[in-house]
Amino acid sequence: MSRWNEATQDALDRYTRDLFASEDDILDSIQFESQARGLPQIHIRPEEGHMLQFLLTAIGARRVIEIGTLAGYSSVWLVRALSPNGRLITMESDPERAQLAREFFKRVGLGGRIEVLDGPARESLRSIAPQGPFDAIFMDAPKDDYPAYLEWSIDHIRSGGLIMAHNAFWGGAVVGAVQRDERQLQSLLSFTHSVANDKRLLGTIIPVGDGIVAAIRL
Ligand SMILES: C[S@@+](CC[C@H](N)C(=O)[O-])C[C@H]1O[C@@H](n2cnc3c(N)ncnc32)[C@H](O)[C@@H]1O
């Protein structure tokens, strides 16, 4: 028997969101614009954004990387957790999305704190490697490359820093509750297995929203 049904889960999510993760005009307007431009509404949930802020604040993060910008919704949550001189580098393979996010950040006064890098994240990670080590990384992109991003992160996130990835549960696919692209699923499972078993990491899954895989780089 499950702990509670779906309606109770929804009510509990709303309870958490209303208490800790309300959205302001900037977050509302990103969603409005991205919807108006026909972008997929696949950004993180507010309570997930708030959890990311909680974790970044706990480690005093100043230099953070994000993989998967879309329109910049999660970037706003992330950058708000950084100290005033903190900086976020966010990576987006689609140049139109990258440009949209760049313009949006500029318009709302975050342009100086968020750098958007176009192109596949694997290339962007290679190009910024000499600027490391970084305090934290957040992955929210196709799962095929999560294992490669993890290897990079272990080498370039400082000791005590955080490696975080969205969609730990992938809508239930990780336990076979729904069907998803098999290749991506295998990559996600392999990634999470590595996080759980690599001695250089202390990992867990934070069961907020669709789940966040989180690990401290030891
Ligand atoms: C789930 S969306 C990101 C949502 C965003 N993090 C948010 O919550 O607002 C994933 C994004 O990753 C981008 N993407 C896909 N492949 C990529 C790659 N190889 N490198 C960087 N970004 C990629 C997609 O274009 C898409 O915009």
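Student: Which strands does helix H5 lie across, and at about what angle does H5 run to E3?
Tutor: Keep in mind that this is a predicted model. Find residues 95-107, which make up helix H5. This helix lies across E2 and E3, and its angle to E3 is about 165°.

Student: In what order do the strands of the open sheet come?
Tutor: Seven strands form this sheet, and their pairing is mixed. On average, neighbouring strands are turned by 15° against each other, direction ignored. Reading across, the order is E3-E2-E1-E4-E5-E7-E6.

Student: Which strands stand at the edges?
Tutor: Look for strands with a single partner strand, because one side of each is then left without a neighbour in the sheet. Those are strand E3 (114-118) and strand E6 (201-206).

Student: How many bridges join strand E5 to strand E7?
Tutor: E5 covers residues 157-166 and E7 covers residues 212-217, and the two run antiparallel. Leu 162, for example, stands opposite Ile 216 in E7. The number of bridges joining E5 to E7 is five.

Student: Is Met 91 buried or exposed?
Tutor: Start in strand E2, where Met 91 has its place. Beyond its neighbours within four places in sequence, its contacts include Ile 67, Leu 117 and Ala 121. A residue is buried if 20 or more other C-beta atoms lie within 10 Å of its own. Met 91 has 27 such atoms, so Met 91 is buried.

Student: How far apart in space are Met 91 and Thr 69, C-alpha to C-alpha?
Tutor: Along the sequence, 22 residues separate them. From C-alpha to C-alpha, the distance is 6.0 Å.

Student: Which helix and which strand each supply at least two residues of the shell around the ligand?
Tutor: The ligand is surrounded by 19 residues, and among the closest are His 43, Tyr 73 and Ser 74. The shell divides into ten nonpolar, four polar and five charged residues. The two elements you want are helix H4 (73-79) and strand E2 (87-92).

Student: Where is Leu 70, and what is its phi near?
Tutor: Leu 70 sits in the loop between strand E1 (63-67) and H4. It counts as buried because 24 C-beta neighbours lie inside 10 Å. Its phi is positive although Leu 70 is not a glycine, with a value near 55°.

Student: Which peptide bond is cis?
Tutor: Go to the loop between helix H6 (121-128) and strand E4 (134-139), where Pro 133 is found. Omega is near 0° for the bond from Gly 132 to Pro 133.

How values were computed: Residues numbered from 1 in each chain as written. Predicted model: local features only at pLDDT ≥ 70, side-chain atom pairs only at ≥ 80, totals over all residues. Near = placed C-beta within 6 Å. Helix = DSSP H or I, 4+ residues; strand = E, 2+ residues; numbered from the N terminus. Nonpolar A, V, L, I, M, F, W, Y, C, P; charged D, E, K, R; others polar. Buried ≥ 20, exposed ≤ 12 C-beta atoms within 10 Å, placed from the backbone. Contact = placed C-beta atoms within 7 Å. Pairing = 2+ DSSP bridges. Axes fitted to C-alpha atoms, helices over the stretch in contact; angles between N-to-C directions.
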